[in-house]
Amino acid sequence: MRCRSLLKTAGKRLIPMWGVAIFMLVAGCSGDDREVAPWPTPAGDASWPTTDWIVQNPVEQGMDESVLSRAKDYAFQPGKNTQGVVVVRRGVLVAEWYGGGADAGSWAASWSVGKSFASALIGIAIGQGIIPGVEVSLAKYFPQWRGTDKAGITLRDVLTMASGLAWVEDYNPAAFGSSDIIRLGLAERDQLAYAANREMARQPGSRFHYSSGDTLLLSGVLEAATGMKAGDFAVQALFSPLGINSVDWWTDASGHTLTYCCVDMTSQDFARFGLLYQRQGYWRNKQVVPAGWVADSTSPSRSFRGYGYQWWLSGRTNRRLPADTFAAVGYDGQYVYVIPSLELVVVRNGRYVKYSGRPVADPSLFARYPAGGLIPNLGTVPPDEWKDTEFLTPIIDSITGG
C-alpha cells in the first residue's frame with residue numbers, strides 16, 4: 001500500500017518514468033509481485049503487416065469503438081502535443097489518429113525508445129552466437145578496461161542499468177555543469193568514448209541507476225562483435241525483416257550509433273517493433289529475436305523489478321495495468337506499450353520536426369535533435385503531463401468491458 005501511495009505521489013509531481021523507478025528504490029519498493037500469465041502464441045493464420053497494415057474496425061477485433069475513442073480524447077487534449085497514436089490488436093490496425101498536420105507517413109522520434117531496439121540487437125547477436133551471453137565481461141569489447149575495476153562489469157549489468165559507472169541523467173539545463181547526459185548531447189563528438197571513460201561509483205550489479213551512458217556502451221559491444229555499426233546491423237537483422245524501410249538511427253560525430261536514443265521512423269513502424277515483442281520475437285515465418293531473449297528482457301532484473309533488459313515493466317509497478325504490460329519509453333512522451341495477454345500494441349509519439357540534414361550529432365545532438373520544444377520548429381515537444389493509466393484504460397476497457 002505504501003508503494004502504491006508513493007507511485008501516486010510521483011505521478012502528481014510529474015516525475016518521469018525513470019525517476020519513478022529511482023523514487024521507488026529509495027523508498028524500498030520492490031514492485032508488483034502479481035503472476036504474469038503465459039503469452040498467447042501466434043496462430044498459423046495470424047495477421048501480419050506487409051507493406052501496409054491490415055485495417056479493420058475495432059469491433060471486428062472485439063473492441064468497443066466508443067470506449068476506445070476516449071483514449072483519443074485524452075491523447076489530443078490541448079497541451080498534450082500528441083502527433084500520432086496507433087492501436088494494434090491481434091496484428092490488425094484498429095485505430096490510428098494524428099494531430100498537428102501529421103499523418104501515417106510522418107517521421108516520429110524515439111528518444112530512449114531506442115534503448116529497447118538496442119536490446120533487441122544484443123539478443124539477436126547472442127542468438128547468432130556472435131556474443132557469448134549476458135555474463136560476458138564488457139572488457140572483451142573495451143580492451144582498455146582489462147585489468148581495471150571495470151573488468152567486473154558484465155553485459156547483464158549494462159542491460160539492466162546496473163553497471164556501477166558514475167552517471168548523472170539530469171535534463172535540467174541548469175545542471176549543465178554536472179549532467180552527463182547534457183554534456184553528452186552538447187559537447188562530445190565521440191560520445192561512446194565519453195561513456196566508456198566514466199569512473200566506477202559502486203559495485204557492478206548492486207543497484208539500478210538509470211544511465212544513457214550504460215546503453216551507449218551497447219553500441220561499442222555491437223561494433224566489436226559484429227564488425228558493423230549498430231545501425232547497419234539493425235537494418236540487416238531487425239528493420240529489414242520487419243519491413244521497416246524508412247528509418248534513421250542517429251550517430252555521433254565519430255560515427256558511433258547512438259544506441260541510447262534517436263531512432264526515427266513512423267508511428268506505424270514503431271508498432272511493428274511492438275508487435276514483434278508481443279509475439280515473442282516471431283515475425284511471419286521467422287524468429288527474428290530469440291523468444292527466450294524476449295522473455296528475459298521483459299522479466300524483472302536483479303536490481304529492480306520494474307525494469308528488464310532496456311524495457312520498462314509497467315505492469316509490475318502499476319496495479320491499474322495488466323500485470324504483463326511492458327513498454328519502451330522515451331523522453332518528451334514517446335511510448336510503445338505492449339500487453340501480450342490482450343494481444344495489444346499501442347504507440348504514442350509526441351510532436352516532432354525532423355532535422356533536414358544527415359542524422360548525425362555534428363556539431364552536437366541537441367543542436368539537431370532538441371528536446372523540450374527548446375528550438376521552435378525543430379525536435380520534440382513534450383506533453384504538459386502524461387499518465388499511462390488515463391491513456392491506456394479506455395483501450396483496455398474497450399476489450400475487457402471494464
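Predicted model: local features only at pLDDT ≥ 70, side-chain atom pairs only at ≥ 80, totals over all residues.
Figure 1. The buried residues of α9 are Ala-230, Gly-231, Phe-233, Ala-234, Ala-237, Leu-238, Phe-239 and Leu-242. An α-helix has 3.6 residues a turn, so residues three or four places apart point the same way. The elements that cover the buried residues of α9 include the helices α4 (113-127), α8 (212-226) and α10 (267-278), together with the strands β3 (248-249), β5 (263-264) and β6 (282-283). After α9 comes Gly-243, whose phi is positive and near 75°.

**Figure 2. Helix α4, one of the elements that cover α9.** Helix α4, which is among the elements covering the buried residues of α9, has 15 residues and reaches 22 Å from its first C-alpha to its last, close to the 21 Å expected at 1.5 Å a residue. Because 13 of the 15 residues of α4 are buried, this helix is largely enclosed by the rest of the structure. Just after α4, Gly-129 takes a positive phi of about 80°.

**Figure 3. Strand β10 and its two antiparallel partners.** Strand β10 (residues 344-350) is mostly covered, with seven of its seven residues buried. The cover extends to both faces of the strand: Leu-344, Val-346, Arg-348 and Gly-350 are buried on one side, and Val-345, Val-347 and Asn-349 are buried on the other. Strand β1 (residues 82-89) runs antiparallel to β10 and is joined to it by seven bridges, and in this pairing Val-87 has Val-346 of β10 as its bridge partner. Strand β9 (residues 334-339) also runs antiparallel to β10, to which five bridges join it, and here the bridge partner of Val-338 is Val-345 of β10. β9 and β10 form a hairpin with four residues between them, and in the turn Glu-343 has a positive phi of about 50°.

**Figure 4. The disulfide between Cys-261 and Cys-262.** A search of the whole structure finds one disulfide, which joins Cys-261 to Cys-262 with an S to S distance of 2.1 Å. A disulfide is a covalent bond between the sulfur atoms of two cysteines. The torsion about the S-S bond of Cys-261 and Cys-262 is about -90°, and the disulfide is therefore left-handed. Both cysteines are placed away from the surface in the sense that Cys-261 is buried and Cys-262 is buried as well.

Figure 5. Trp-53 has its place in the loop between α2 (17-27) and α3 (65-75). With a relative accessible area of 8%, which falls under the 20% cut-off, Trp-53 counts as buried. When its neighbours within four places in sequence are left aside, Trp-53 is in contact with Val-88, Gly-91, Leu-93, Gln-268, Ala-271, Arg-272 and Leu-275. Val-88 is 35 residues from Trp-53 in sequence, and the two are 9.5 Å apart in space, C-alpha to C-alpha.

Figure 6. In the loop between α3 and β1 lies Asn-81, a residue other than glycine whose phi is positive, near 55°. Met-161, found in the loop between α5 (155-159) and α6 (180-187), is likewise a residue other than glycine with a positive phi, in this case near 60°. The relative accessibility of Met-161 is 0%, so this residue counts as buried. A cis peptide bond joins Asp-362 and Pro-363, with omega about 15°, and Pro-363 lies in the loop between β12 (360-361) and α13 (365-368).

**Figure 7. The protein chain as the setting for the close-up views.** The protein chain contains 14 helices and 13 strands, and buried residues make up 57% of its 402 residues. Of the contacts in the chain with a separation of 6 or more, 69% are accounted for by residues 24 or more positions apart. The chain exposes about 15500 Å², of which carbon and sulfur atoms supply 49%.

Note on methods. Residues numbered from 1 in each chain as written. Heavy atoms only, no water. Disulfide = S-S within 2.5 Å. Buried < 20%, exposed > 50% of the residue type's maximum accessible area, 1.4 Å probe, protein only. Contact = heavy atoms within 4.5 Å. Areas by Shrake-Rupley, 256 points an atom, 1.4 Å probe, with all protein chains shown as cover. Pairing = 2+ DSSP bridges. Expected span 1.5 Å × (residues − 1).
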